[in-house]
Amino acid sequence: MTDEIPEIDSVTGTGIPVRGNDIDTDQIIPARFMKVVTFDGLGEFAFFDQRFDDDDNQKDHPFNEPQFQDASVLAVNANFGCGSSREHAPQALMRWGIDAIVGESFAEIFAGNCLALGIPTVTADHETIVDLQEWIDENPDGEIHVDVESETVTYGDKTVEATVDDAQRRALTEGVWDTTALMKSNADAVAEKAAELPYVDV
């Protein structure tokens, strides 16, 4: 564990529901917005083609609705984040303001890319997710508590069971989810090991 990487035991915030199965990474961040040197500013392009028409007029989408603008917990359905493995998708969601995602299921690579950013991807059954999405619609200012350690989601007066992948849960709660920061914080040990290897010229 390193002090540079925060332990993520839970996430609390208001919710935003995005409905539909098989929402792929191209919908989350269209390819034309990926021609960037850094990820800065990607948040404004999250779900862009679902949010705007060809003339940049707003369409009906939760990410456009004022009551959800400060939301940090995204509630989605099945196979969210499928398609190409672009890391820009979770980057765009994070920079829009999303700190945790609760859904029926996630594409494996997308979930891995979320973990690299410290974003829990928590799963629950279809009925649980639909109930949560409906509750968010009715209570846009209501707080949702996603407990990674205990694998529960609490909202209103209800606490429901959820599932967090074991490896993800350990990485988040032990503060070892950011592998780049982990290597940097152990740079001396990495250099020492590299010096011991006969095929590494340091």
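The paragraphs below go through this predicted model from the whole chain to single residues.

Residues are numbered from 1 along each chain as its sequence is written, and side-chain values use heavy atoms, with hydrogens and water left out. Because the model is predicted, local features need pLDDT of at least 70 and side-chain atom pairs count only at pLDDT 80 or more, while totals for chains, interfaces and linings use all residues.

The chain has eight helices and seven strands; these are DSSP runs numbered from the N terminus, with helices being H or I of at least four residues and strands being E of at least two. Of its 202 residues, 47% count as buried, where buried means under 20% relative accessible area, exposed over 50%, and partly exposed in between (1.4 Å probe, protein chains only). The accessible surface of the chain is about 10700 Å², and carbon and sulfur atoms hold 46% of that; such areas come from the Shrake-Rupley method with a 1.4 Å probe, and for residues only the protein chains shown count as cover. Among contacts between residues at least 6 apart in sequence, 67% join residues at least 24 apart, a contact being heavy atoms within 4.5 Å.

Helix α3 (88–96) is mostly covered, with seven of its nine residues buried. These are His-88, Ala-89, Pro-90, Gln-91, Ala-92, Leu-93 and Trp-96. They pack against β1 (10–17), α1 (25–28), β2, β3 (100–103) and α4. After α3 comes Gly-97, which has a positive phi near 135 degrees.

The loop between β2 and α3 contains Val-76, which counts as buried at 0% relative accessibility. Leaving aside neighbours within four places in sequence, Val-76 is in contact with Val-18, Ile-101, Val-102, Gly-103, Glu-104, Phe-106, Ile-129 and Gln-133. Asn-21 is 55 residues from Val-76 in sequence, and the two are 8.0 Å apart in space, C-alpha to C-alpha. Asn-79 lies in the loop between β2 (73–75) and α3 as well. Its phi is near 60 degrees, a positive value in a residue other than glycine, and Asn-79 is partly exposed, with a relative accessible area of 28%.

Phe-106 is also among the residues that line the largest pocket, together with Glu-108, Ala-111, Gly-112, Leu-115, Thr-121, Thr-123, Thr-163, Val-164, Asp-165, Ala-167 and Gln-168. Two or more lining residues come from each of α4 (108–115), β4 (121–123) and α6 (166–173), and α4 gives the largest share, four residues. The lining divides into five nonpolar, five polar and two charged residues. Here Ala, Val, Leu, Ile, Met, Phe, Trp, Tyr, Cys and Pro count as nonpolar, Asp, Glu, Lys and Arg as charged, and the others, Gly among them, as polar. A pocket is an open set of points on a 1 Å grid over the protein atoms alone, where a 1.4 Å probe fits, with protein on both sides within 12 Å along at least five of seven lines; lining residues have an atom within 4 Å of a point.

Strands β6 (residues 152–155) and β7 (residues 158–161) run antiparallel and are joined by four bridges; two strands pair if DSSP finds at least two bridges between them. Thr-154 stands opposite Thr-159 in β7. The hairpin has two residues between the strands, and Gly-156 in it takes a positive phi near 55 degrees. Glu-151, in the loop between β5 (143–147) and β6, has a positive phi of about 55 degrees although it is not a glycine. Glu-151 is partly exposed, with a relative accessible area of 21%.
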